[in-house]
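Here is a short report on a two-chain model.

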Amino acid sequence: MVCVRPSTGLNSFSKQILDSTDPVEKVYRALERIEEARGLNAFITVDKEGALRSAEELKRRIRMGVKTGRLAGLLVAVKDNISTKGLRTTCASRMLEDYIPVYDATVVEKIKREDGIIIGKTNMDEFAMGSSTETSFFGPTKNFFDHSRVSGGSSGGSAVSLATGVAELALGSDTGGSIRNPAAFNSVVGLKPTYGRVSRYGLIAYASSLDQIGPMARDTLSTALLLQVIAGGDSRDLTTSSREPQNYVEEATRGVKGLRIGIIKEGFMNIDEKLSRRVHDAIGVLDKTGCSIEEVSFPFLKYALPAYYIIAMAECSSNLARFDGIRYGGGRAEGRWEERIVKIRTEGFGEEVKRRIFLGTFVLSAGYKEDFYIKACRVRRRIHDDFKLLFRDFDALAIPTMPVLPWRIGEIMSPLEMYMMDFETVAVNLAGLPAISIPAGFVNSLPVGLQLIGNHFEEATLLRLSYAYENETGFTKWLRIPSA
Amino acid sequence: MSGKIVVSKEEVLHYAKLCRISLSDAEVERLQKDVNEILEYFNIVRSLQLDVEPMVYVTGFGEALREDEPGETLSEDDVFKNAGEKDEKWFVSGQVLG
């Protein structure tokens, strides 16, 4: 794969990529690589024809000297819960096994408009409900560094498509950590933007007040570039902000001298000592770059996880009520209306999805709503307000991305134990904040992620820190991608 | 308000019915065990006394409101493209009445 190391702004960044490779050849090489790495199960659908068609068209335009877009020739992997017109979008569920969207998500439209080449749709936990990509109807995605372990999730396929060198950019979605977790577990960069920074139009909803699409890549500037393309207001998603996106690529290179980082001490409690030390060491690198670092306390953080699950499940039970098999995801209309819907939902949803729909229905039911759902929404307010207080004194907060190393496939059997894996990531979604996971090195040859959390719409600050850290550590070299 | 909630087998069946999901006996048993374990964990939120307003969405709405004018819509073919079963311009569902 071509290694791009841009030092200046966006235009030269795109140009270097463009000059270096024939897009059609690049697609063929990626297809070969997908074949080689098939055992890792990163893709649900590979769009060979579509990718080759886009590459041919781009090549023709380059020859003619027509101006090309900001992602010209870059290969993009798209999580399979993001709608792609004419290209199967399954949400890794049997329910949508044959579903072909009739429109593109806004983010996909934007990528195509900028001449990005969509190479395929990536594996994930079913309906993004999981932390390991093990709940996929199509089987788990395996960790790049140890194939017996999980890739993390729910955007596991997107992270592995990057780690294996197939894609240069990837889209994930993050409801409670689903971009950051697999980024950490496969030593790539994953950014969950501020809620409302990126349109969710065309994202198949799990929990609408928490879901956010975001960019993933092997390096900081590629992440910044993809964010720059997909960010912005959208009249088709009324939760988006009309605030103008920044030039994130330029912003990322601005330097970090004087930035104030708070280390959330509660994020390091009850976690593996080696992992904790590794993350502290990574934060130490930022210390060297001229940031000031201080430990802070966030005692209320412990309530984020149960509050998150109550809210996410409540919203999921409502969002997934639409799957009745009539407009999509169904077979022949045999039997009575109700029996048919029950049959389709029982056969179409996997165990974890059913469990979350069930619990969501329960916490919203008469007699329990005030006790669980409303109470969780009060916790959400408190978490949000506590974060805002911290951001009076700090530009970013640091915490591990994951409390553990990638576990063995099938090792975690208890649903509650699996939910606990999201301890470090969910508070960010409750508060609608941006957060990035960057490679923090290895423990026992398995990757660790450092998570940096920013104030609302401060993605640029996170990218600056990530870029400074990348320059110090050269973390892109930690991925040992076989040369094609 | 913070006493332990224990969901019975009958309640599992009741809520599953509301979810339009059917469960085998073994699934009822497993779900009951999981749900009671998870609800016990949720109790730490239930027992909190917080004097703040609930937050449902982080952002306010309104920024993206536009004039209510007709825009582009899906073609008929597109609307029915993924239908389980259709009859000309109708989605076919199971029998509702009778």
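## Form of chain B

The C-alpha trace of chain B spans about 55 × 45 × 25 Å along its principal axes. Of its 98 residues, 16% count as buried (20 or more other C-beta atoms within 10 Å of the residue's own, C-beta atoms being placed from the backbone).

This is a predicted model: local features need pLDDT of at least 70, side-chain atom pairs count only at pLDDT 80 or more, and totals for chains, interfaces and linings use all residues. Residues are numbered from 1 along each chain as its sequence is written, while chains are lettered from A and ligands numbered from 1 in the order in which they are written.

Chain B has 3 helices and 2 strands, in the order α-α-α-β-β from the N terminus. Helices (H or I, at least four residues) and strands (E, at least two) are DSSP runs, numbered from the N terminus.

## Interface with chain A

In chain B, 46 residues are in contact with 59 residues of chain A (C-beta atoms, placed from the backbone, within 7 Å). The largest share of chain B's side, 10 residues, comes from α2(B).

## Helix α11 of chain A

Helix α11(A) covers residues 337-348. Its buried residues are A:Arg340, A:Ile341, A:Ile344, A:Arg345 and A:Gly348. They fall within an arc of 125° seen down the axis of α11(A), so they line one face of the helix. The arc is that of the directions from the helix axis to the C-beta atoms.

Definitions and conventions: Contact = placed C-beta atoms within 7 Å. Buried ≥ 20, exposed ≤ 12 C-beta atoms within 10 Å, placed from the backbone. Expected span 1.5 Å × (residues − 1).
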